Amino acid sequence: VMTGSVVSSNLGVGIQVNGYYSTVSNNMVVSNGAHGIEVLNLPGPTTVTGNNISYSAWSGIYVQASLGTGVISGNAIYGSNDEGILLSDTPNYVISNNTLSGNLTGGGEGSIYLSGASSNVTIEGNQISAAGGYPGIKILSTATGVLVANNFYSGASSPIADYATSS
């Protein structure tokens, strides 16, 4: 559990999570040299909620190959050079009620980006203000069983760039 901390100006990742039953909540994560919050290879449930993440050199929240269930909810993510939220090869996640603004300042794919074999992901109730004319949400063709509903978009080249089999 990591809660209520200020994590700022690290050369690498702000907060890295790699364990069972992980919770990252109510932290301020500012100006880190890689991802703001990085979740790696977790088998158990993971919750990332209520964090304020800004000016990450890479993605605000990055989840790689987590095989358990997960929730990313209620976070404010802005000013990241890459995606606000990036899921890669990660099933069974809910991404809801986040505010993403001014991300993709250095490029990237979408404010929320699903890549690899991400599956059974729900993206719902997010407020997305995309920078640089990128899509609000990008879903790669290898992602399956994705539900996208009730998100608010502004400033995106397109609300959703869907290259997957979505529901």
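## Leu-104 and its loop

Leu-104 sits in the loop between β14 (99–101) and β15 (112–115); strands here are DSSP runs of E, at least two residues, numbered from the N terminus. This is a predicted model, where local features need pLDDT of at least 70, side-chain atom pairs count only at pLDDT 80 or more, and totals for chains, interfaces and linings use all residues. Residues are numbered from 1 along each chain as its sequence is written, and side-chain values use heavy atoms, with hydrogens and water left out.

Most residues other than glycine have a negative phi. Leu-104 has a positive one, near 65°. With a relative accessible area of 2%, Leu-104 is buried (under 20% relative accessible area; exposed is over 50%, partly exposed in between; 1.4 Å probe, protein chains only).

## Tyr-55

Tyr-55 also has a positive phi, near 55°. You'll find Tyr-55 in the loop between β8 (52–54) and β9 (61–64). Its relative accessibility is 48%, so Tyr-55 counts as partly exposed.

## Asn-126

Asn-126 belongs to the loop between β16 (122–124) and β17 (127–129). Is Asn-126 buried or exposed? Its relative accessible area is 0%, so Asn-126 is buried.

The Asn-126 side chain reaches the backbone nitrogen of Asn-98 at 2.9 Å. Setting aside neighbours within four places in sequence, Asn-126 is in contact (heavy atoms within 4.5 Å) with Ile-95, Ser-96, Asn-97, Asn-98, Leu-100, Ile-112, Asn-150, Asn-151 and Phe-152.

Terms used:
Helices (H or I, at least four residues) and strands (E, at least two) are DSSP runs, numbered from the N terminus. A polar contact is a pair of N or O atoms within 3.5 Å; within protein, one must be able to donate a hydrogen and the other to accept it, and residues adjacent in sequence count only if both atoms are side-chain atoms.
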